[in-house]
Amino acid sequence: MTAARKIRMLVTGGGTGGHTYPALTTITAVREHAAGQGRDVDVLWVGTADGLEARIAAEQHIPFKAISAGKVRRSPSLREFGQNVIDLFKIPIGVLQAAGIAARYRPDVVLSTGGYVCVPLGLAARLLGRPLVMHEQITSLGLANRILARVATTVALTHPTSIDHLPQRARARAVVTGNPIRPQLLHGNPARAYERHGLAPDLPLVYVTGGARAVGRSTP
């Protein structure tokens with residue numbers, strides 16, 4: 001009996017933990033799901049050399065390739081305006097680098113979890129005709145994901161209200177998946193947490209956490 005061919009997944013996303021950790025969690029979940037079907041998943045992560053994603057990929061022993069990526073600052077100061085000009089030249093270079101990586105790797109699917117580094121690889125996936133799955137972690141889409149939503153095969157969203165922020169023609173390709181959560185976050189030790197933070201177990205506990213919302217209007 002011939003062994004099933006490995007699934008080849010090209011992953012891009014990073015810059016912040018909000019983009020990087022959902023990518024890592026999805027990689028783990030896909031590998032576990034595939035293993036249950038007797039298949040292996042080969043992963044290559046593409047990002048910037050100085051981004052958080054490079055460090056996380058190294059820590060998790062995930063092969064990593066770095067590309068150039070330009071960030072467009074929409075309300076730049078004079079100094080940032082100059083950086084915008086420089087970064088605009090990085091974008092086509094990044095697309096060519098990403099296209100070369102994708103052409104050699106020949107992925108079955110490309111996963112994008114956000115951040116400006118995703119744009120080159122997302123566009124390269126489109127040019128090479130590879131399926132692109134894009135995930136948005138917050139309610140309104142950032143600039144990079146508003147661009148990629150137009151070319152993505154599937155647009156995965158954390159919350160149903162995000163559909164209203166998608167370009168009109170991308171809404172039929174949207175699916176609400178929720179936000180990938182690392183399993184270890186769901187299996188903590190309550191007693192240890194109360195002790196560590198000096199909390200009273202007999203009192204109600206309210207946990208408040210932060211969030212993010214991309215600045216910008218939705219695109220019709």
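In the predicted model described here, Met9 stands opposite Val43 of strand S2. Strands of a sheet pair through backbone hydrogen bonds, and the pairing may be parallel or antiparallel.

Together with helix H1, which spans residues 17-36, S1 and S2 make a β-α-β unit that is right-handed. From S2 the chain crosses through helix H2, residues 52-59, to strand S3, and this β-α-β crossover is right-handed. S2 and S3, the latter formed by residues 64-66, pair in the parallel sense over three bridges. Within this pairing, Lys65 of S3 is the bridge partner of Val46.

Strand S2, residues 41-47, is largely enclosed by the rest of the structure, because six of its seven residues are buried, that is, under 20% relative accessible area. The position of S2 in the sheet can be read from the strand order. The open sheet contains seven strands, arranged as S3-S2-S1-S4-S5-S6-S7 with parallel pairing. S3 and strand S7, residues 174-176, form the edges, each pairing on one side only. On average, neighbouring strands of the sheet are turned by 25° against each other when direction is ignored. In a regular strand, side chains alternate between the two faces of the sheet.

Empty space in the model was also examined. Rolling a probe the size of a water molecule over the atoms shows where such space is left. The second largest pocket has a volume of about 350 Å³. Its lining comprises 14 residues, of which Thr26, Val30, Leu111, Val133 and Ala156 are the closest to the centre of the pocket. Two or more lining residues come from each of H1, strand S4 (109-112) and strand S5 (132-136). H1 gives the most to this lining, with four residues. By class, the lining of the second largest pocket holds eight nonpolar and six polar residues, and no charged ones.

Backbone geometry was considered next, beginning with the loops. His61 is a residue other than glycine with a positive phi, near 60°. This residue is placed in the loop between H2 and S3. With a relative accessible area of 71%, His61 is over the 50% cut-off and is therefore exposed. Arg106, likewise not a glycine, has a positive phi of about 50°. Its place is the loop between helix H3 (78-105) and S4. The relative accessibility of Arg106 is 63%, so this residue also counts as exposed.

Helix H4, residues 118-128, contains a number of buried residues, namely Cys118, Val119, Pro120, Leu121, Gly122, Ala124 and Ala125. Just after H4, Gly129 takes a positive phi of about 70°.

Technical notes. Residues numbered from 1 in each chain as written. Predicted model: local features only at pLDDT ≥ 70, side-chain atom pairs only at ≥ 80, totals over all residues. Heavy atoms only, no water. Buried < 20%, exposed > 50% of the residue type's maximum accessible area, 1.4 Å probe, protein only. Right-handed = clockwise from strand over helix to strand, strands pointing away. Pairing = 2+ DSSP bridges. 1 Å grid on protein atoms, 1.4 Å probe; cavity = no way out; pocket = protein on both sides within 12 Å on 5 of 7 lines; lining within 4 Å. Points joined across faces, edges and corners; volume = space filled by probe spheres on them. Nonpolar A, V, L, I, M, F, W, Y, C, P; charged D, E, K, R; others polar. Axes fitted to C-alpha atoms, helices over the stretch in contact; angles between N-to-C directions.
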